[in-house]
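Open the model in your viewer and keep the selection panel at hand.

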Amino acid sequence: MKLFSIVLLLFCFLVYINCNIDEPFSIWSHVESELIVKEKNWFKTFEKVNVEENLSFIIALKLRNEELIPLHLMKVSDPKSSEYGKHYSEDKLEELFSPLEEDFNVVYDWVNEYNPIEIKSTSLNTFIKVTMKVKDVQKMFINSDFRVFKHENGRRVIRNINLVKIPTEIESRIDTFFNIFELPYIKPDSYFSEEYKLQKFKEYLIQNDMEDPGFTFYATAGDSAINVVVFGDDVRGNIDQVEISLSQLNGATINVTKDFTEEQASALFNSLANFVNTTIQVRAHNRTSNTWGDYYNYLSEIQPNPWFTPESMKKLYYIPMNEYGTATNNSQAVVEFDFQFYSPDDLSQFTQLMGLPDLNVTVYGKNNPHIPGGESTLDIEWISFSNIDTTFWYSDGFLTDWIVEITNTTNPPLVNSISYGSPEFLNLPKTTTRLNNEFAMLGLRGVSIISTSGDIGSSDGTRVCKKDVPDFPSSSPYTTSLGATNFARNSNTPLCVQPGHYSVNDIPIYCDGQSEVPCSAETGAGFTTGGGFSNRFPIPEYQLSFVQDYLNNAPLPPSGFFNASGRGFNDVAAAGSNILIIQNGKLGDTGGTSASGPIFAAIAGLLNDVRLNNGKSPLGFLNPFLYQTAAEYPDAYNTVSGGNNRCKELSSNGLAVCCDDGFSAVPNYWNPLVGLGTPNYSVLKTAVQNLV
């Protein structure tokens with residue numbers, strides 16, 4: 001023991017650490033594995049860490065009475081509670097849950113020993129934000145090994161990779177650290193590389209004993225039109241022409257022959273009936289043999305659908321055309337990360353083109369209007385239809401940084417739309433637990449959090465197929481999780497059950513789209529809505545009976561595929577396909593649960609407006625209200641059924657990359673794809689007006 005003390009003392013002297021050799025230390029083992037790092041698309045570089053470089057991180061101190069947070073939240077969020085809507089002030093939260101003063105002082109003094117460049121505490125002393133040189137952080141964390149990591153998109157960060165030692169006295173007062181041990185999850189433009197998609201198509205050809213056609217193609221559908229683009233994959237360059245053929249259920253066929261200039265050709269087909277599946281075939285002409293090859297089919301369903309506008313959305317969800325937010329104390333926000341900025345000019349052009357009032361926007365953080373991102377553009381433009389004062393909230397980090405920022409804000413936006421998430425297992429358990437507590441405390445302040453469940457089905461963007469991969473923060477019981485739908489023809493009307501079967505003067509009848517189906521890559525949406533069950537958080541009481549009904553009555557994947565006792569998500573859904581936006585001054589279309597999130601957030605904002613204009617509190621944590629309303633007002637949600645979320649996204653020639661298992665959307669029950677359904681605003685508004 002004496003020899004150990006001498007060695008430790010010498011070590012402390014050599015690295016300039018102020019050590020007390022009698023002070024007990026604890027191992028901080030919450031470090032990401034190499035598998036997680038790889039799954040997040042980061043790689044460890046050979047770059048030497050500059051120890052003079054600044055490193056910023058956050059210390060989350062232990063909360064008092066954290067086990068009571070859910071109980072307090074339900075008091076103010078359950079419409080049947082006598083305390084409903086009586087949200088807590090910051091002072092009351094501090095009184096109940098803020099860290100012990102002794103804990104804060106001990107941790108603060110510990111950090112101060114290591115020459116911090118900056119050290120700040122948040123309003124409730126729940127977090128300490130620190131900036132110091134890497135060499136000093138190394139002294140704080142004994143045995144630390146800081147390395148430079150780079151993401152495939154070029155972003156660079158410094159993180160520790162070792163188990164470290166910290167004083168036991170400190171460890172017992174801390175929940176976790178942010179931005180020291182955990183790499184941020186960055187939402188990829190595409191979850192699977194083009195090489196991976198092409199590989200899947202090649203595997204399909206082999207499995208079906210088909211020759212490689214030497215080309216790939218994709219199709220996009222809009223209002224009464226389909227565009228088909230063909231790309232060359234023929235190393236010999238033998239293809240000089242392609243023939244593109246389209247046919248619909250009434251037997252009408254259109255054939256177009258195109259020159260294959262520079263190994264690319266495209267054809268736009270107009271005047272096709274909406275909501276009707278279309279068969280697309282392509283074949284190639286070989287210049288050497290002067291012969292036509294076999295036809296190759298587009299391998300997923302595709303059907304023309306009308307473009308989705310705020311006007312059509314309001315009609316679909318029973319929102320009066322002139323319904324806008326008017327309460328001066330109402331507010332909403334879109335939350336953005338990873339250089340996703342917006343252009344005020346694009347937003348102004350969008351609101352004018354869509355017949356909406358100008359939106360008042362305040363920027364939190366930073367914004368570069370010269371490089372608007374697709375995600376952020378979609379978010380800000382589609383939350384605008386409520387015309388509620390909006391914060392464009394940009395955070396340089398990820399969820400952990402945003403939560404520190406918003407909880408340190410005196411008057412946070414009442415509704416926050418977050419179109420970002422990550423597979424639940426890619427987050428350290430201590431991180432998700434702390435974020436859950438912070439989400440719940442925001443709910444106690446009357447704040448709503450809308451999250452989206454992703455666009456890659458139940459696999460959540462991973463290559464995992466044997467297990468459901470829940471998405472976080474959608475899997476949190478304290479966020480409202482959104483699935484995505486797209487238009488479909490009204491299958492409830494007998495005339496519409498067989499499109500094109502009936503005719504007048506030999507002109508086939510095709511019905512308008514009056515219903516919705518869950519978005520799925522294999523049924524024409526181009527992506528698949530997320531949804532599933534948490535592996536970390538149990539079923540909350542507010543949805544227990546709904547989830548149990550689904551588990552008892554729906555066709556389910558094998559029992560080992562998912563956690564049947566976990567929090568079920570999604571909670572509700574909204575449109576997410578054929579969504580129009582303006583980006584860089586150009587009109588385009590997009591989709592995903594990233595669209596359904598801001599749409600529902602704006603609807604939640606309008607419902608808040610009803611209460612605020614009557615001198616009442618905002619809705620706050622929405623889920624207890626949403627589920628109780630479903631039980632008491634049967635028409636509060638539009639039924640969305642059919643399909644499943646076993647698929648991921650499309651690869652070459654419309655081949656949907658799918659797993660064997662996923663979850664099904666069954667009628668008359670909550671289900672993981674769309675939750676309770678899509679909103680009927682007029683009924684929800686009535687339910688809000690009847691609240692205390």
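A crossing is called right-handed if the near helix is turned clockwise from the far one by less than a right angle, and left-handed if it is turned anticlockwise. Keep this in mind for the first two stops. The model is a predicted one.

**Stop 1: H10 and H11**

Select residues 344-353, which form helix H10, and residues 374-382, which form helix H11. Their axes lie 10 Å apart and the helices pack at an angle of about 45 degrees. Because of that angle, H10 is oblique to H11. H10 passes H11 in a right-handed crossing. Now show side chains at the contact: on the H10 side select Asp346, Leu347 and Phe350, which meet Ile380, Glu381 and Trp382 of H11. By class, the residues of this contact comprise four nonpolar and two charged, with no polar ones.

**Stop 2: H3 and H13**

Next, select helix H3 at residues 69-77 and helix H13 at residues 429-444. The two axes come within 9 Å and cross at roughly 30 degrees. Angles under 35 degrees count as roughly parallel, so H3 is roughly parallel to H13. The crossing in which H3 passes H13 is left-handed. For the contact itself, pick Ile69, His72, Leu73 and Val76 in H3; their partners in H13 are Asn437, Ala440, Met441, Gly443 and Leu444. Six of the contact residues are nonpolar and three are polar, while none is charged.

**Stop 3: H15 and its buried face**

Move to helix H15, residues 544-553. Which of its residues are buried? Select Phe546, Val547, Tyr550 and Leu551. Turn the view to look down the axis of H15: the buried residues fall within an arc of 135 degrees, so they line one face of the helix.

**Stop 4**

Select Ile539, in the loop between S29 and H15. Is Ile539 buried or exposed? The residue has a relative accessible area of 18%, and since buried means under 20%, Ile539 counts as buried. Leaving out residues up to four places away in sequence, Ile539 touches Leu544, Val547, Ala564, Ser565, Gly566 and Arg567. Val547 is also one of the buried residues of H15.

**Stop 5**

Pro557 sits in the loop between H15 and strand S30 (566-569). Its relative accessibility is 8%, so Pro557 counts as buried. Which residues does Pro557 touch, sequence neighbours up to four places away not counted? Show Phe562, Asp661, Gly662 and Phe663. One of these, Asp661, is 104 residues from Pro557 in sequence, yet the C-alpha to C-alpha distance is 5.8 Å.

Terms used. Residues are numbered from 1 along each chain as its sequence is written. This is a predicted model: local features need pLDDT of at least 70, side-chain atom pairs count only at pLDDT 80 or more; totals for chains, interfaces and linings use all residues. Side-chain values use heavy atoms; hydrogens and water are left out. Axes are lines fitted to C-alpha atoms, for helices over the stretch in contact, and angles run from 0 to 180 degrees between N-to-C directions. Helices (H or I, at least four residues) and strands (E, at least two) are DSSP runs, numbered from the N terminus. Angles under 35 degrees count as roughly parallel, over 145 as roughly antiparallel, 65 to 115 as roughly perpendicular and the rest as oblique. Contact means heavy atoms within 4.5 Å. Ala, Val, Leu, Ile, Met, Phe, Trp, Tyr, Cys and Pro count as nonpolar, Asp, Glu, Lys and Arg as charged, and the others, Gly among them, as polar. Buried means under 20% relative accessible area, exposed over 50%, partly exposed in between (1.4 Å probe, protein chains only). The arc is that of the directions from the helix axis to the C-beta atoms.
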